[in-house]
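Trainee: I would like to learn how to read a model like this one. Could you take me through it step by step?

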Amino acid sequence: MVVMIHSKYGYEPPEWVQADSRLDKWCKNKKRRAKQHGAFRLENKTKPVYQVSQDDGFNSEKKGN
């Protein structure tokens with residue numbers, strides 16, 4: 001009978017525990033690398049921002065007229 005090991009995912013065989021730890025390390029490293037290269041930095045994403053002015057034909061505030 002295979003010895004079951006208690007991990008953070010429950011009781012698993014040793015091979016699964018090793019696979020889970022490798023996947024956890026890979027995901028953590030992937031997030032770290034993405035953060036370093038600016039994948040989650042909002043200032044790097046430049047989108048044109050539409051600003052409402054009074055003469056553009058849109059009502060920025062509803063008035064009772």
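Mentor: Start with a term. Buried means under 20% relative accessible area, exposed means over 50%, and partly exposed lies in between (1.4 Å probe, protein chains only). This is a predicted model, where local features need pLDDT of at least 70, side-chain atom pairs count only at pLDDT 80 or more, and totals for chains, interfaces and linings use all residues. Residues are numbered from 1 along each chain as its sequence is written, and side-chain values use heavy atoms, with hydrogens and water left out.

Trainee: Which class does Asp24 fall into at 30% relative accessibility: buried, partly exposed or exposed?

Mentor: Check the value against the cut-offs. Asp24 has 30% relative accessibility, so the residue counts as partly exposed.

Trainee: What pattern does the protein chain follow along the sequence?

Mentor: Helices (H or I, at least four residues) and strands (E, at least two) are DSSP runs, numbered from the N terminus. The protein chain has 1 helix and 2 strands. Read along the sequence, the pattern is β-β-α.

Trainee: How far does helix 1 reach from its first C-alpha to its last?

Mentor: Helix 1 has 23 residues. The expected span is 1.5 Å times one less than the number of residues. The expected value is 33 Å, and the reach is close to that, at 33 Å.

Trainee: Which residue forms a salt bridge with Asp24?

Mentor: A salt bridge is a side-chain nitrogen of Lys or Arg within 4 Å of a carboxyl oxygen of Asp or Glu. The structure holds 1 salt bridge. Its closest N and O atoms are 3.3 Å apart, and the partner of Asp24 is Lys8.

Trainee: How many residues apart in sequence are the parts that this pair ties together?

Mentor: Asp24 lies in helix 1, and Lys8 lies in the loop between strand 1 and strand 2 (10-12), so the pair ties together parts that are apart in sequence by 16 residues.

Trainee: Is Lys8 buried or exposed?

Mentor: Look at the accessibility again. Lys8 has 66% relative accessibility, so Lys8 counts as exposed.

Trainee: Asp20 has no salt bridge, so which side chain of opposite charge is nearest?

Mentor: Asp20 also lies in helix 1 (residues 14-36). Lys and Arg count as positive and Asp and Glu as negative, while His and the chain ends are not counted. Asp20 is buried, and 8.5 Å away is the nearest side chain of opposite charge, Lys8.

Trainee: Leaving aside neighbours within four places in sequence, which residues are in contact with Asp20?

Mentor: Contact means heavy atoms within 4.5 Å. With neighbours within four places in sequence set aside, Asp20 is in contact with Tyr9 and Glu12.

Trainee: Is Ser7 buried or exposed?

Mentor: Ser7 sits in strand 1 (residues 5-7). Beyond four places in sequence, Ser7 is in contact with Glu12 and Val17. Ser7 has 18% relative accessibility, so Ser7 counts as buried.

Trainee: How far apart in space are Val2 and Pro13, C-alpha to C-alpha?

Mentor: Val2 lies in the segment before strand 1. Not counting residues up to four places away in sequence, Val2 touches Pro13 and Pro14. Val2 and Pro13 are 11 residues apart in sequence, and their C-alpha to C-alpha distance is 6.8 Å.
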